[in-house]
Amino acid sequence: MATFPERYDALVIGGGFYGSAIAVYLAAQRGFKRILLVEREPALMLRASYNNQARVHNGYHYPRSYTTAYRSRVNLPRFVRDWPGAVRQDFTKLYAIARHNSKVTARQFERFCRDIGAPVQPAPAHLSALFEQRLIEQVFAVQEYAFDSRRLAEWALRELDHFAVQVHYRTRATAIERAEGGLRVHLARDSGGSDSVACRYVFNCSYSGTNQLGGDFPGVSIALKQEITEMALMAMPPALERLGITVMDGPFFSMMPFPSRGLHTLSHVRFTPHLHWQDERGTDPYRRLQEYQQPSRMDRMVRDVGRYIPAVLEARHVDSLYEVKTVLQSTEDNDGRPILFERHATLPGCYSVLGGKIDNIYDVLEKLDDEVL
Ligand SMILES: Cc1cc2nc3c(=O)[nH]c(=O)nc-3n(C[C@H](O)[C@H](O)[C@H](O)COP(=O)(O)OP(=O)(O)OC[C@H]3O[C@@H](n4cnc5c(N)ncnc54)[C@H](O)[C@@H]3O)c2cc1C
């Protein structure tokens, strides 16, 4: 059992990209000396920060949410600047507009790209030829990148070590309580032990686990939706190897390079979400995922995608990534990805943060800059 100092300046719950980046920010930018990060898994970034589509968004994905599109445009160049080693740019990204059931037409998509200042041009003929012309109105070549979450995790390990942030794995925060001069966080270890630590601030960066804390923790005030998702990991045939493709805007699909495995992810709006529920305390999303049987739907994904891009029928399914995706219920209609940043008024010093997508880290850090800590 580790012994803890009297009191920490800050305790960060969750060693995903957000918890790691916030711990580094607190040390590097705010001069916090004693920071503890607790992570329930045996390593950093094993959950949503790994099991995702690895897209560094550049706005294209959000024709129905101008704010998210615009913020993506602002944040992508910063992400590329700050994590150059984790960003892959050596592929061509195509956005194709479906002829039927799309919520935007090709003209509208093009105009939207120009409105947000995102580069867009008709795809070269040899790439457009990959698509079934009966089903696709137009194909555009755009500028969008992929991130390598293993590289992000390496960065986090280096920086946390550099700033002497203590990291405890296989350790779960279970409750937060008001305490003399700050907060007290209760911890449970996989090994069976439990403990509690005093701290001035708590940053709850536990994503799917955001509301699963007891004690005086009030939960977040915005409704969250939990979704068990499957993304198929595919070895693409040569014709598709150097491409990322998204078909818009409705019940379609995306395929993106997945740098940390050297494969492609394939997600489909109809088949990737297996089941969903409104988040509530007491329904542990991680347990729900563990207990879920996880029957793959990759064959249905491939069959539908193959109607639009026949070459995909030659792809080989290697694996599937299952994860709980947590989104704000309020974004259901427009598919936007705003951040959740909540300072809990009834639990002074406690913050909950949910990033929505990886480049939103800058929106979170801007919020933190405004906080008097
Ligand atoms: C299927 C899917 C596709 C996605 N595609 C993209 C994409 O293409 N581009 C993009 O930018 N974003 C994408 N996202 C969103 C992106 O993955 C998340 O916004 C981001 O990873 C969230 O980071 P995080 O640190 O908040 O969460 P996580 O990485 O999940 O980190 C939270 C950590 O907290 C830990 N934890 C939870 N509860 C506790 C507790 N009580 N005590 C201790 N530890 C705890 C968990 O084990 C976890 O490691 C996608 C997400 C999913 C699920």
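Mentor: Start with Gln29, which counts as exposed because its relative accessibility is 58% (buried means under 20% relative accessible area, exposed over 50%, and partly exposed in between, with a 1.4 Å probe and protein chains only). This is a predicted model, in which local features need pLDDT of at least 70 and side-chain atom pairs count only at pLDDT 80 or more, while totals for chains, interfaces and linings use all residues. Residues are numbered from 1 along each chain as its sequence is written, and side-chain values use heavy atoms, with hydrogens and water left out.

Gln29 sits in the loop between H1 and strand S2 (35-38). Helices (H or I, at least four residues) and strands (E, at least two) are DSSP runs numbered from the N terminus.

Now the helix on one side of that loop. Two packed helices are described by the angle between their axes and the distance between the axes. The axes are lines fitted to C-alpha atoms, for helices over the stretch in contact, and the angles run from 0 to 180 degrees between N-to-C directions. H1 (residues 17-28) packs with helix H5 (residues 149-162) at an angle of about 30°, and their axes are 10 Å apart. H1 is therefore roughly parallel to H5 (angles under 35 degrees count as roughly parallel, over 145 as roughly antiparallel, 65 to 115 as roughly perpendicular, and the rest as oblique). The crossing of H1 with H5 is left-handed, meaning that the near helix is turned anticlockwise from the far one by less than a right angle; clockwise would be right-handed. From H1, Phe17, Ser20, Ala21, Ala23 and Val24 meet Leu152, Trp155, Ala156, Glu159 and Leu160 of H5, where contact means heavy atoms within 4.5 Å. By class, that H1 to H5 contact has eight nonpolar residues, one polar and one charged. Ala, Val, Leu, Ile, Met, Phe, Trp, Tyr, Cys and Pro count as nonpolar, Asp, Glu, Lys and Arg as charged, and the others, Gly among them, as polar.

H1 also packs with helix H9 (residues 361-369): the axes come within 11 Å and cross at roughly 40°. That angle is why H1 is oblique to H9. The crossing of H1 and H9 is right-handed. Here Phe17, Tyr18, Ala21, Ile22 and Tyr25 of H1 meet Ile361, Val364, Leu365, Leu368 and Asp369 of H9. The residues of this contact divide into nine nonpolar, no polar and one charged.

H9 has a contact with H2 as well. Helix H2 (residues 66-82) and H9 have axes 9 Å apart and an angle of about 90°, so H2 is roughly perpendicular to H9. Arg71, Asn75, Arg78, Phe79 and Asp82 in H2 meet Tyr362, Asp363 and Glu366 in H9. That contact holds two nonpolar residues, one polar and five charged.

Ser208 lies in the loop between strand S12 (194-204) and strand S13 (214-215). Ser208 is buried, because its relative accessible area is 1%. Leaving out residues up to four places away in sequence, Ser208 touches Gln226, Asp279, Pro285, Tyr286, Val324 and Thr326. With Thr326 there is a polar contact, side chain to side chain, at 3.0 Å (a pair of N or O atoms within 3.5 Å; within protein, one must be able to donate a hydrogen and the other to accept it, and residues adjacent in sequence count only if both atoms are side-chain atoms).

Tyr207 is in the loop between S12 and S13 too. Tyr207 counts as partly exposed because its relative accessibility is 22%. Its phi is near 50°, a positive value in a residue other than glycine. Most residues other than glycine have a negative phi, and most peptide bonds are trans.

Gly214 is found in strand S13 and is buried, because its relative accessible area is 18%. Not counting residues up to four places away in sequence, Gly214 touches Thr174, Ala175, Ile176 and Arg281. The C-alpha atoms of Gly214 and Pro285 are 15 Å apart, with 71 residues of separation along the chain.
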